[in-house]
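Have a look at the model first, then read on.

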Amino acid sequence: MMNANLHFKLLTKSLCTSTPHFKDQLLIPPFTSLQCGAILQSLTNTKSLPKGQKLHSLMATSGNLLHNTYLTTKLAAFYANCGQMPQAHLLFDSVLFKNSFLWNFMIRGYACNGFGLESIVMYREMVNLGSKGDNFTYPFVLKACGDLLAVEIGKRVHGEVVVSGFASNLYVGNALLAMYSKFGEMGYAYQMFDKMPERDLTTWNTMVSGYVRNGDPREALAVFERMGRFGVRADGTSLLGVVSGCGELVALKQGKAVHAYVVLNGGEVWNEFLMNALIEMYWKCRCVAYSRRLFERVEVKDTVSWNTMIRGYERSGDAFESLRLFCRMVVEGVEVDEVTTVTVLTSCDQISALQFGMSVHLYLVRKGFGANVMVGTALIDMYSKCGSLSCSRRFFDDMPRKNLVSWSAMISGYGAHGRGEEAISCYHELIANKFTPDEGLLTSVLTACSHAGLVNEGKDMFNRMTREYRVKPTVAHYSCLVDLLGRAGRLDEAYELIKTMDVEPSSDIWAALLSACRLHRNVKLAEISAQKIFEMNPKGVGSYICLSNIYAAEKRWDDVERVRAMVRKKGLKKPPGCTFVELDKMVHRFLVGDKSHPQTEDIYAKLRDLNLRLREVGYKPDTTSVLYDVEEEVKEKMLWDHSERLAIAFALINTSPGTTIRITKNLRVCVDCHTVTKMISKFTTREIIMRDNHRFHHFRDGICSCGDYW
């Protein structure tokens, strides 16, 4: 008994001293129902769960709850407001006569805590028992419908709102706008918005964010401008939507104006979400310096701030800075999340930083991300793109859970490495595991068939797409099939397919046919393909180079000069070649003719040695890919300055005999470099794994895995 009394006194003291509303009031137990109800209301308003649980214990001990509908209702509402729905529902069921206050708190509790279906069911139960919804009911029922994308139910509730006379209520109207924006029906939302008798800031913000979310940033900016004309002062939420819209439209001028408004109004509108949105907006407008300056000025950077910068550098092609920022983020002790890790792993695969990627993998395991499906898929992709297909497969097999994207990444890895049969086998594993392939996965399978020259398998897969999986072929699927037929020398069949396909042929489809024409020396179809590409993508220099090479192979020098003159007239330039090679977790970058590396003298001495050995075994340079009108000897020298040769020479100098060399090039490898790399792999007895912008090449003993088709 003494212990019980002591417990009772401690509970009372805790409540009386820690509940702000009652600090200055003398509360002497036992509390009356009204006192308990007043304390509960205060705790409900502040969502003070621990204190409310203490009061619950106190009321149960003192017997206040016994047959007390008033307190039970209040307590159920408290738990619902704190998101503790199981406890709330238990108390709710014990109340015999439920009033609208209790129904509304339960509906709101379920809707606001991710239980939309339960919220709608509770609303239906309330209506069926004869209670009617009001302006406190409908906003949360509509929220639940929007979150669940329950279009038909939402429209039915909308009808009930109109019948009950709450359509003109401001809060209900705002909830209707939000629901229809989640449904993607912005036209209908705007009609309602235009007819609303009263609007507040939330109304305008809902429309701005709705347009941005539904991919119509231009309309979002128009609503924002109209908002200003109506004299409505923007807040942080308004500006967040507008900044996102400016980024999507690459509207730098408007974005800077919003930034200036934020600076002028300071604390009134500033929040960390808005600053992160401004950083991302500058990235989308390709203003790296603005983005970085703003990032560095933010005193307290959260994970989103770091992610925005790391992802910005990765997407702009500066993988080195992306990885440097990640290292700084870790050193500064900022929490890393899934977005960070996926971005960093993508940066690793851009520059083939396999060793660095392995270190990141170990870090992720220590941080507990090992079982995350999204991170696991990124690791599969990183290992395969860094040239280690065995690590990719090993990790794939160890994943506790896989989704379609994981399977697609593994199949794509096999395809990029020219391992078509393994890709098909992986596809059959997927089917055996009861997965249904989607559009993206089928593209991966067809690409794998294309890279490996599996014509029959590829055609069969293409035909099964619509027959078995109800997937309508897209441009990407047709492009794979054209490439597949072209590789096999069935150029006329590929051309007929292009003319009869259900989609409009893209420049990529014609480029696939053009590449096949180069391999099989079909000048007539090459000219047709090239002309189509010139019309669709006049600034793409690759098609001009390919056509020039085809003419050169036929010794049609006048046509070669004509194409090169077109390139000069249009001011087109082949992007500078760039190759990456990793040594001891440090990635080295080589440009064409690069002489900035500390080991430059040794690298060029190694190149001279390789050149001599190649000529001894019959090497003859193929200069057709050099578009400049210079002497043949100069063309040969230009070939020897290609970045991949510098990277290979560097790797040969700095690694022990027998070590596999992995390099990544930003462009498609030229014919002469491909030949040279095959020969080097033979007389150095090295495996050289080269990734260009099209596929992987595994050079071993003078043979390439691509079969000289790339």
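What is the accessible surface of the chain, and what share of the surface belongs to carbon and sulfur atoms? The surface comes to about 34,100 Å², and 54% of that belongs to carbon and sulfur (Shrake-Rupley method, 1.4 Å probe). Keep in mind that this is a predicted model, where local features need pLDDT of at least 70, side-chain atom pairs count only at pLDDT 80 or more, and totals for chains, interfaces and linings use all residues. Residues are numbered from 1 along each chain as its sequence is written, and side-chain values use heavy atoms, with hydrogens and water left out.

The chain has 710 residues, 51% of them buried (under 20% relative accessible area, with exposed over 50% and partly exposed in between, 1.4 Å probe, protein chains only). Its secondary structure amounts to 37 helices and six strands (DSSP runs, H or I of at least four residues for helices, E of at least two for strands, numbered from the N terminus).

Now for the charges. A search of the whole structure turns up 33 salt bridges (a side-chain nitrogen of Lys or Arg within 4 Å of a carboxyl oxygen of Asp or Glu). One of them joins glutamate 321 to arginine 324 at 3.0 Å, N to O; both sit in helix α19, three residues apart, about one turn of the helix. Glutamate 321 is buried, at 15% relative accessibility. This pair also belongs to a salt-bridge network with Arg292, Glu296, Arg328 and Glu332.

Helix α27 holds arginine 464 and glutamate 468, four residues apart, and their closest N and O atoms are 3.4 Å apart in a salt bridge. Arginine 464 is buried at 16%, while glutamate 468 is partly exposed at 42%. Glutamate 468 also pairs with arginine 467, at 3.9 Å.
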